[in-house]
Amino acid sequence: MAKYRIKIREDLCLGDKQCWDKAPETFAISDEDKSYVVNEDGNWPEYILAAAMNCPADAISLYDAETGEQVWPKPGSEGSKEKE
Ligand code: SF4
């Protein structure tokens, strides 16, 4: 069973394929240069989380598949990545 439910904001997606680069069995890029999910269980959860964390547009949200709890962006982070 997939660990995460994945949602992608197509309106934010830049089509730069960084998510596909991190988790190529989970994400794919459409002809319109938008990311979409091909298999929520396609890669190890660590890679899927890394893909979401590294999305430059913050277009990927992850939810715990069992509890529905939002995992990324971290609740309260206003949808932005944690800055170094
Ligand atoms: S990393 Fe983000 S912006 Fe880039 S293709 Fe994936 S969802 Fe779109």
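## A tour from the ligand to the core

Start by selecting the ligand and the shell of residues around it: nine are nonpolar, three are polar and two are charged. As you look, keep in mind that this is a predicted model.

The shell holds 14 residues in total. To find those closest to the ligand, pick C13, Q18, C19, S35 and C55.

**Next stop: L14.** Select L14, which sits in the loop that links β1 (4-8) to α1 (18-22). Is L14 buried or partly exposed? Count the other C-beta atoms within 10 Å and you get 13, so L14 is partly exposed, since a buried residue would need 20 or more. Then try a distance: from the C-alpha atom of L14 to that of E40 it is 20 Å, and the two residues are 26 apart along the chain.

**Now go to the core.** Which residues have the most contacts inside the largest nonpolar core? Select C19, I48, A51, A52, C55, I60 and L62 to see them; the whole core has 14 residues. Colour β1, α2 (45-54) and β4 (60-64), the elements that each give two or more residues to this core. The largest share, three residues, comes from α2.

**Last stop: I48.** Select I48 and leave out residues up to four places away in sequence. What does I48 touch? Its partners are Y4, I6, A23, T26, N43 and L62.

Definitions and conventions. Residues numbered from 1 in each chain as written. Predicted model: local features only at pLDDT ≥ 70, side-chain atom pairs only at ≥ 80, totals over all residues. Near = placed C-beta within 6 Å. Nonpolar A, V, L, I, M, F, W, Y, C, P; charged D, E, K, R; others polar. Helix = DSSP H or I, 4+ residues; strand = E, 2+ residues; numbered from the N terminus. Buried ≥ 20, exposed ≤ 12 C-beta atoms within 10 Å, placed from the backbone. Core = buried A, V, L, I, M, F, W, Y, C linked by C-beta atoms within 7 Å. Contact = placed C-beta atoms within 7 Å.
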